[in-house]
Amino acid sequence: MPAKPWSQESWRQYPAQQQPTWPDPADLDRVLKILAGFPPLVFAGEARSLTAKLSDVAAGRAFLLQAGDCAESFDALSADSIRDKLRVILQMAVVLTYSAGVPVVKVGRIAGQFAKPRSSPTEVVQDEALPSFRGHMVNDITFSASARVADANRLLTAYHASASTLNLLRSFTKGGFADLGRVHAWNQEFVASSPAGQRYEELAGGIEAALRFMEACGIASGEHVALHTVDFFTSHEALILPYEEALTRVDSLTGEPYDCSAHMLWVGERTRQLDGAHVEFLRGVRNPLGCKLGPTATAAEVLELCEALNPERVPGRLTLISRMGAERIADVLPGLVAAVRDAGHPVVWACDPMHGNTFTSSTTGHKTRHLEDICAEIDGFFAVHWAESTWPGGIHVELTGDDVTECLGGSEDLSPDDLPMRYETMCDPRLNGRQSLDLAFRVAEKLRV
């Protein structure tokens, strides 16, 4: 059966989950018209480049590292914060590339991750019920009636915040900060003092020795752009559909539509309904896409999602991101992987080991995750793929460059009593720099098997 006609606004004919209640539709329309007239944040050619790199991941020739904040904040847009987040991702990528010997495709949860789905439309504190915080793109985290009203003007702020972040990321990744000769400089002070940081220092020394060897052999490192710059792409959950529609543009070279709010968009576990607005919108844009799959996903559903989101079976177009939980992955994932493999869909398989392992500390009441549970889910992810003769293509993690105490364990062995020290997330707990490096070394060991 041929697919139904698609347009930027065809999603409006379908049920849309997780959308805010905008109090003034006329004001929302005004803001959307402004956004539609703004320049694109990213370009179609960049999105195509990412699809090509992800096709190498789908073929088992590269590995995907997708990482960044749980929910970006308008209040944390400093150059230092953006730089430190990028630095941790670069460190992790270097560990994976150097230790495991595979190219790493680097995609940030950054420059657009300003909205979050919620399990409940309301939040209750001391018997007062208010709309849930849905990310700075929609409302404010302050628990008051005025702060929780959805404000369409925040969509404009999100655009400008994304543009500022992208500008700085491009400067860092192409202007010398990402030079492999600076691998020692990427080791932040609080990370360097940890066992993972010390292990990273040894690795950095090996890279510098290799660069000196190249120079001694007459191979001028200055002639190799890949040693001095990196390709870094942005992604976020395509949650607030009016915003995504307003930033969709028709590429002048191909005549195809691209959502120019980010290079890669994903649909979440709560919004991946086959008859829903999010799948309808994303099926029509030509960006590389992701789809989160929780423990309730069935093989039939996943195959239908593959057909809906990538009917032409373009390698690198679709990344399936499992988020099962350490206790469920061995039971659920094998059937999904086998079904997709047998149907011949050229997908990237990635593991989100964060969301299925979240719990509330009985000691402090904070939402948290334990690094050992995160690693256990990754272990299960790799075990399934090795057993099915498929490629465990990547990981999708929430982290920060700040010295936070939000997740338990790691080389510093954070305990529940440590959580209140520097618990700063607006939504879900994130790995800090030390824990992120711990994780990178653990994944590199898996890739060497």
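**Notebook: salt bridges, a helix, a strand and one aspartate**

I began in helix α3, where R83 and D80 both lie, three residues apart, which is about one turn of the helix. I was working on a predicted model, and in it R83 forms a salt bridge with D80, with the closest N and O atoms 3.1 Å apart.

Next I went to K174 and D231, whose side chains meet in a salt bridge at 2.8 Å, N to O. K174 lies in helix α4 and D231 in the loop between α6 (195-216) and β5, so this pair ties together parts that are 57 residues apart in sequence. I noted K174 as partly exposed, with a relative accessible area of 44%, and D231 as partly exposed as well, with 35%. I also recorded that salt bridges with shared partners join R109, K116, K367, R369, E398 and D428 into one network.

I searched the whole structure for such pairs and found 35 salt bridges. One of them links R430 and D69, where the closest N and O atoms are 3.0 Å apart. R430 sits in the loop between β14 (394-398) and α12 (433-447), and D69 in the loop between β1 (63-68) and α3, so the pair ties together parts that are 361 residues apart in sequence. For this pair I found both R430 and D69 buried.

I turned back to helix α4, which covers residues 153-174, and noted that its 22 residues reach 32 Å from the first C-alpha to the last, close to the 32 Å expected at 1.5 Å a residue. I listed its buried residues, among them L155, L156, Y159, L166, L169 and F172. What do the buried residues of α4 pack against? I found that they pack against α1 (25-37), α3 (79-100), β5 (232-237) and α7 (241-246). Just after α4, I noted that G176 takes a positive phi of about 115°.

As β5 is one of the elements that α4 packs against, I looked at this strand next, and I found that six of its six residues are buried. Both faces are covered, with F232, T234 and H236 on one side and F233, S235 and E237 on the other. I then followed the strand pairing: strand β2 (residues 104-109) and β5 pair in the parallel sense over four bridges, and R109 stands opposite S235 in β5.

My next stop was D352, in the loop between β11 (348-351) and β12 (359-360). Is D352 buried or exposed? I read a relative accessible area of 0%, so D352 counts as buried. Its side chain makes a polar contact with the side chain of H355 at 2.7 Å, and, leaving aside neighbours within four places in sequence, I found D352 in contact with K292, I321, S322, R323, E377 and H396.

Last, I looked for aromatic pairs and counted seven. Ring pairs link F381, F382, W386 and W391 into a cluster.

Technical notes:
Residues numbered from 1 in each chain as written. Predicted model: local features only at pLDDT ≥ 70, side-chain atom pairs only at ≥ 80, totals over all residues. Heavy atoms only, no water. Helix = DSSP H or I, 4+ residues; strand = E, 2+ residues; numbered from the N terminus. Buried < 20%, exposed > 50% of the residue type's maximum accessible area, 1.4 Å probe, protein only. Polar contact = N/O pair within 3.5 Å; in protein donor to acceptor, adjacent residues only side chain to side chain. Contact = heavy atoms within 4.5 Å. Phe/Tyr/Trp six-rings, centres within 6.5 Å; stacked < 30°, edge-to-face > 60°. Expected span 1.5 Å × (residues − 1). Pairing = 2+ DSSP bridges. Salt bridge = Lys/Arg side-chain N within 4 Å of Asp/Glu carboxyl O.
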